[in-house]
Each structure stands twice: as structure tokens, then as C-alpha cells.
Amino acid sequence: MPANAFNNFTEYGIGIGLRSPHYHHILTRKPVVDWFEIISENFMIDGGRPLRILDQILEQYKVVQHGVSMYFGSAESANREHLRRLKELVRRTKTPWLTDHLCWGSVDGRYTHDLLPMPYTFEAAKITAQKIREVRDFLEVPIAVENVSSYAEFHVSEMTEWEFLTEVVERANCGILLDVNNIYVSSQNHNFNPSTYISEIPASRVAQIHIAGHSKYRKYILDTHDHPVIDPVWELYAQAIQRAGHTATLLEWDDSIPSFQEVHDEALKANKFLATESLAAAV
Amino acid sequence: MNLMSLQRQMTRAVMMPLTPREGMRRVSSNGRSMRAIAAAFIKPNDRLTSFDRLEIYNRQYWFRILSSLAEDFPGLRAVLGDSRFDLLAQAYLSARPSRSFTLRNLGSRLEGWLRKYPTCAGSRLKLALDMVRLEWAHIEAFDGKAELPLTAEDLVGADPSKLRLRLQPYIQLLDLRHPVDDLLLEFRNDRNTTFASNAFEELRKRKRLRAIARLKPTAIFLAVHRLDFSLYFRRLLREEFIILTQLRAGETLRRAVESAFRESSIAVAERPSCVQHWFQTWATLGWFCQADKNEIPSQIRIREDNEI
């Protein structure tokens, strides 16, 4: 049953990212997986093997699109070619919702291919929300924006990250893809309490949750998606589920990718928290 | 500072080439202190200065795009050697930063840039250019568009003087001065052998150097194509190449065939059977699709030997 207007897919359960080292396993063994998240840009192409594999996956699994280069927060307008290709893919996958990051990465037509942090200003929130609305109207699919990990903060910021996220999603009237690992990483890099972040965001807008691992360096933490989820991140996940209710959850593992089974087993650990939440809701 | 100004400022810093020790430069291209620039818009924290924090993004940018380019052009890397390739990659990406939302297109302007700055390839320019063209063709053929192949019924009653056959968009046709297809396949087979030792890596490098030294300039014509979603290199005769490039340019079947045999050494008596055999092969491979009536013919020429 839908939890609210932005979390219409509570039955989606636990998914994992579709990654090329697992293609053979998935297509030959057909493991039971609630859903797969694809990186949209990997399939915004004209033809060839990637689209063939995607079509085979679509025959058997639910797929949700996740983008890495829409750059809602870039001051320049959206790239029309990007939008055209993305819409083609949306039609192909019939993704029930679409996610990308609350960040920027291009300026004057030059792309950094990175998820660069936003200055938390009202001007940036207004520009970002406007672009989210435009993209949603063009693609005709619900959108949820993901909080990113960051390693820098700007002098010009006028609010906290969670206040900025709230400002953007309220203005755009869109959902949140809450990445609890990113909250943890940024909290360590910027000295804030990650629990406060989760308490302060509008829980009713949380459409999806990301969990992942990261790498710890001497003076900062990098969001590398190459390790299992650590306990403090699971604790944040539990808090997020407690606030947002049963929410589609996705484990990201993008580097040093282990076997399919290992990745899936790690993702399924989320079941423990989802079951607790379901029990609490029933009581 | 408004959003656009901040993003321009940060982009300039992030895209600035790294030092030889892979750190952020201390001075910007216009002579300003990077510490002062970073401090002006980025907050420090209790562990990192503004410069340190900006440097994380500067390093991430270069590591990401350099590794992506190296992944797309392993043949060029082998031809030039690691050090020269790294210098070339940095120079190319500094001059031609990505203008696409996807890293897939990072190497799209490499051939043109290399022709403009030939010294970056040292003494192996012609070989490097051939390899760049082949590796870019590989990317284009991998995920290029495929249309419904032409069937025999589509050709019933067609007049060769009017018939314009259309090649599958994913097929890439190349005229090259070196047999770089063999070289690339050798490198790729070599790369698939995994032994994690320095001694083996040295052995592999020496093997590659020998393969490059052995390679003699020889003009080849090549089609990079797909079959069952796998990529293949198919060597073509000069006449085959001309027919295919002429058809791609929108010429009629008759004119394409006439052009192919204009300076051909194939005996006149053998030509009909040759053409029949080629077309049978190409049709079996699904290379033809429905003609686009709006396509405008254009002149196609073959590269002269001394042309770069």
C-alpha cells in the first residue's frame, strides 16, 4: 500500500545496482531480486549489447532509473540531447520514478563528470527546483533527488544541507532519494550530527533509500561504494525507515565489485530493519 | 558570489592540470595563488584547509577522466608507452574538456586534436592516428544504432541504376596505413592474461614493444561491425571498401560498383562473381537496411599515402 504521494512503491522492497560483472549470473541463474537500479547514462545509447541486455533484464525484473549527470543544480539549463535520450530510455524501461543527484557538474557546456556540492543558498534552491520541475514535466515521470557526499562547504551558504534539501524538494514538489551513507560521509567530513539530518528532512517525501560502503582516509571519508555497509550507516538506515516507513531500498556497490551473491546478501541485511518497522507499524 | 560565478570558479580550479606528484597546483594559470582562490569561496575545517578540500575534487576529476580515456584507448597507450600516453591524455583533456553528459564521448575529438598537435605522438604519429581511429570506431560500432536489415523481398524488381542501399549505422569503415587491427587484438588478448607480478608486466611491455617494432606500414581497409552483439574487425578489399563507402554516401548501386572498379586490378571477367560474393556476404551479415530517401549523395575519397 502506498505510504504517501512520494512513496508510492512500498512493495518494491530491496534492490541492487545492475552492474556488468553480474550480467551473466543474472541472465543465466535468474536469481530472485526485488528490483534493479540502472545507471541511466549507461543505456542512453542507440543500440548494441547494453540495450539488448537491458531488454532481457526488463523481461523479468522491475527496473528503476538512476542518473549521474542531469546536474539539477547547474546554473545552466538542461542539455536537450540528454533529455531527449533520457526520455527514450524512460519509455523503454517504464521506470516508475526516476532519480538523480542534488548537485552540479557542468558549466558553460563543459562537464566535470563529478557530483559537485551545492552552495546552500536560496538562489541555488530556486534555480535547482525550477530545473527539477522542467525535467519532470518533459519526462512525465516522478522525480526524487539524492543528497550527495561532499568534501567541501562554501562561505556563501545560508543554511544547512538538510535545510537546503528541504527547500529544494518543497519548491519542486518532488521526492527525496535519501542516501544514508552519503549523510554519514558528509557528517564526518563537515562535523554535523547525521541523526539530526534524518530528523529534520520531510520524511513524507522519501521515495527511496540508498545504502553503500565508503573508504576512510586519515583526514576525510570518500564515498567509494567499494565496501560493505558499516554499522553506523545501518543505524541511520533504521532511523530513516522509522521516520519514512517501508521504503524501496537499494544497495550501491560500484568498485571492487564482489560476486552477485555477496552483493545481494549485503543488501538483504536491510530486511531486518524493514521487518522491525513493519512490526512496529502493525502494533 | 552567485551560483554561476561560483560554479565557473570551481570548474576552473577542478579542471586545472595536476602537478607531477598528482596534487593541485599552487598557482593558477593567471598567476594567482590557489590557496587564496580556494580560501575565497571554500570553508576550511578542523582537519583540512580550503586548498586541501578543493584539491580532493581536482584530483578526483583528473583520476576519473584519465582512467576513462585509458580504458577506451588501450591500443594507443601500448603504441605510445605509458609516459607519453599520460602526457598526451592530459594535454588533450586540458585542451578539449568533455562537452558531453557521458564519458563515452571523451575520446570523440582525439583524432582531430592529434592531427593539430602531432608532436604529442612523437615518432609514431601515423601509427597512433590509425590506432585512435580504430579504437574510436570500436566505441561507435559497439553501441551504434541497428536498423531492420534489408530482406530479399525488399530488393525484388529494383533497378541498380536507381537503387540506393543503406548501410547499418553501427558499421564503421576505415582506410588505414597500418594493420592495427592485428596489433589491437594482440594487445587485448595479452591484457586478458592476468598475472599479478612486476616481472610479468615487464615481459608484457617488452612483448608489446616487439610487436610494434615488427609492424610494417601496409594499407588496409577495414569494417568494424557487430554480429550477435559482439564486435568484429573484417578486412576488406579496396574495391569492397569503395562500394561500401559510396553506398554510405548515398550513391546508387550502379555508380558505387563502377567507382570500385575504375582503377581495379581485378580481371574484368571476375568482377561479376566478386560483386555477387561480396553482396551475399554483406547481406548475410545484415549490413544493409532500408534506404533513406532523404539522404543526399556526397563525394567520398580515399586518403592519399602522404596525407596525415
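Mentor: What follows goes through the strands of each chain, then the aromatic rings, and then the cysteines.

Trainee: What should I keep in mind before reading anything off it?
Mentor: This is a predicted model, in which local features need pLDDT of at least 70 and side-chain atom pairs count only at pLDDT 80 or more, while totals for chains, interfaces and linings use all residues. Residues are numbered from 1 along each chain as its sequence is written, chains are lettered from A and ligands numbered from 1 in the order in which they are written, and side-chain values use heavy atoms, with hydrogens and water left out.

Trainee: OK, chain A then. Which strands make up the barrel, and in what order do they run?
Mentor: Chain A has a closed barrel of eight strands in the order E1-E2-E3-E4-E7-E8-E9-E12, with parallel pairing. From one strand to the next the twist averages 30°. Strands here are DSSP runs of E with at least two residues, helices are runs of H or I with at least four, and both are numbered from the N terminus; two strands pair if DSSP finds at least two bridges between them.

Trainee: How many bridges join E2(A) to E3(A)?
Mentor: Four bridges join those two strands, E2(A) and E3(A), which run parallel, and A:Glu37 stands opposite A:Val64 of E3(A).

Trainee: Are the two faces of E3(A) covered or open?
Mentor: Both are covered, since A:Val63 and A:Gln65 on one side and A:Val64 and A:His66 on the other are all buried, where buried means under 20% relative accessible area, exposed over 50% and partly exposed in between, with a 1.4 Å probe and protein chains only. In a regular strand the side chains alternate between the two faces of the sheet.

Trainee: And which strands does H3(A) lie across?
Mentor: H3(A) lies across E2, E3 and E4 of chain A, running at about 165° to E3(A); axes are lines fitted to C-alpha atoms, for helices over the stretch in contact, and angles run from 0 to 180 degrees between N-to-C directions.

Trainee: I had A:Glu167 flagged in my notes. Where does it lie?
Mentor: A:Glu167 lies in helix H5 (residues 161-172) of chain A, and at 22% relative accessibility A:Glu167 counts as partly exposed. Leaving out residues up to four places away in sequence, A:Glu167 touches A:Phe122, A:Ala125 and A:Met159, a contact being heavy atoms within 4.5 Å.

Trainee: Switching to chain B, what order do the strands of the open sheet have?
Mentor: The open sheet of three strands in chain B has the order E2-E3-E4, with antiparallel pairing. Its edge strands are E2 (172-176) and E4 (230-236) of chain B, each pairing on one side only, and the twist averages 25° from one strand to the next. E2(B) and strand E3 (residues 220-227) of chain B pair over five bridges, and B:Gln172 stands opposite B:Val224 in E3(B). Helix H7 (residues 125-143) of chain B packs on the sheet and touches E2, E3 and E4 of chain B, its direction making about 170° with that of E2(B).

Trainee: Now the rings: how many aromatic pairs are there over all chains?
Mentor: The count is 27 aromatic pairs over all chains, taking rings of Phe, Tyr and Trp (its six-membered ring) with centres within 6.5 Å, and calling planes under 30 degrees apart stacked, over 60 edge-to-face and the rest tilted. One of them is A:Tyr12 with A:Trp97, whose centres are 5.2 Å apart and whose planes stand at 65°, so this pair is edge-to-face. A:Tyr12 and A:Trp97 are 85 residues apart in the chain, and both are buried.

Trainee: Which charged end sits over the ring of A:Tyr12?
Mentor: That of A:Lys62, 4.2 Å from the centre of the A:Tyr12 ring; the rule asks for NZ of Lys or CZ of Arg within 6 Å of the ring centre and within 35 degrees of the ring normal.

Trainee: Last one, how many disulfides does the structure hold?
Mentor: It holds zero disulfides over all chains, a disulfide being a pair of cysteine sulfur atoms within 2.5 Å. Among the cysteines, B:Cys274 counts as buried at 17% relative accessibility, and B:Cys289 is buried with a relative accessible area of 1%.
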